[in-house]
Amino acid sequence: MRVRRLVALLGFLLGAVGVVGAVGGEGPAPPWLLRLFAGWCVATPYWWWLEYRLLRPEGEEARRHVAAEQALSRWVWLGFTLAMAVPILARARMAG
């Protein structure tokens, strides 16, 4: 349970850094932001798979709870993804 909370907090902080980095500044997005965005898009779904396979608790009710939390996590991930992608693409279009 602690690992999941720690990863959720870390994910939220990384997402917030990505959004602030995407919105702030002019010109094309810096390379660190593009790497963070790519990692965000690829690593998060893999984490969900690992979390479900390795950290799932015993019992049907507990598994349903984890599945419900992962469904919520997918919406948060999608929101951060869009909040980063739109400014990154806008900056690329303005610069080029």
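Q: Hi! Where is the place of L55?
A: L55 sits in the loop between α2 and α3. Helices here are DSSP runs of H or I with at least four residues, numbered from the N terminus. This is a predicted model, where local features need pLDDT of at least 70, side-chain atom pairs count only at pLDDT 80 or more, and totals for chains, interfaces and linings use all residues. Residues are numbered from 1 along each chain as its sequence is written, and side-chain values use heavy atoms, with hydrogens and water left out.

Q: Thanks! Is L55 buried, exposed or partly exposed?
A: L55 is partly exposed, at 36% relative accessible area. Buried means under 20%, exposed means over 50%, and partly exposed is in between, using a 1.4 Å probe and protein chains only.

Q: Which nonpolar patch is L55 in?
A: L55 forms a surface patch with V3, W49, L50 and L54, and together they have about 490 Å² of accessible area. That area comes from the Shrake-Rupley method with a 1.4 Å probe, and only the protein chains shown count as cover for residues. A patch takes residues with over 30% relative accessible area and no salt bridge; nonpolar side chains (Val, Leu, Ile, Met, Phe, Trp, Tyr) are joined within 5 Å, and like charges within 9 Å.

Q: Which helix gives the most to it?
A: That's α2, with three residues.

Q: New topic: how many residues does the largest nonpolar core have?
A: There are 13 residues in that core, and L33, F37, W40, F80, M84 and I88 have the most contacts inside it. Two or more residues come from each of α1 (2-23), α2 (31-54) and α3 (60-95). A nonpolar core is a set of buried Ala, Val, Leu, Ile, Met, Phe, Trp, Tyr and Cys residues joined through side-chain atoms within 4.5 Å.

Q: What is I88 in contact with?
A: Leaving aside neighbours within four places in sequence, I88 is in contact with A22, A29, L33, L34 and F37. Contact means heavy atoms within 4.5 Å.

Q: Which residues of α3 are buried?
A: Among them are V66, W77, F80, M84 and I88, and also Q70 and R91. What covers the buried residues of α3 includes α1 and α2.

Q: How far apart are the end C-alpha atoms of α3?
A: They are 52 Å apart, which agrees with the span that its 36 residues should have at 1.5 Å a residue. The expected span is 1.5 Å times one less than the number of residues.

Q: How many salt bridges are there in the whole structure?
A: A search finds three. A salt bridge is a side-chain nitrogen of Lys or Arg within 4 Å of a carboxyl oxygen of Asp or Glu.

Q: Which residues do they link in a network?
A: The network joins E60, E61, R63 and R64. E60 pairs with R63, with the closest N and O atoms 3.9 Å apart, and E60 also pairs with R64, again at 3.9 Å. R64 meets E61 too, at 3.0 Å from N to O.

Q: Why can E60 reach R64?
A: E60 and R64 are four residues apart in helix α3, so they are separated by about one helical turn. An α-helix has 3.6 residues a turn, so residues three or four places apart point the same way.
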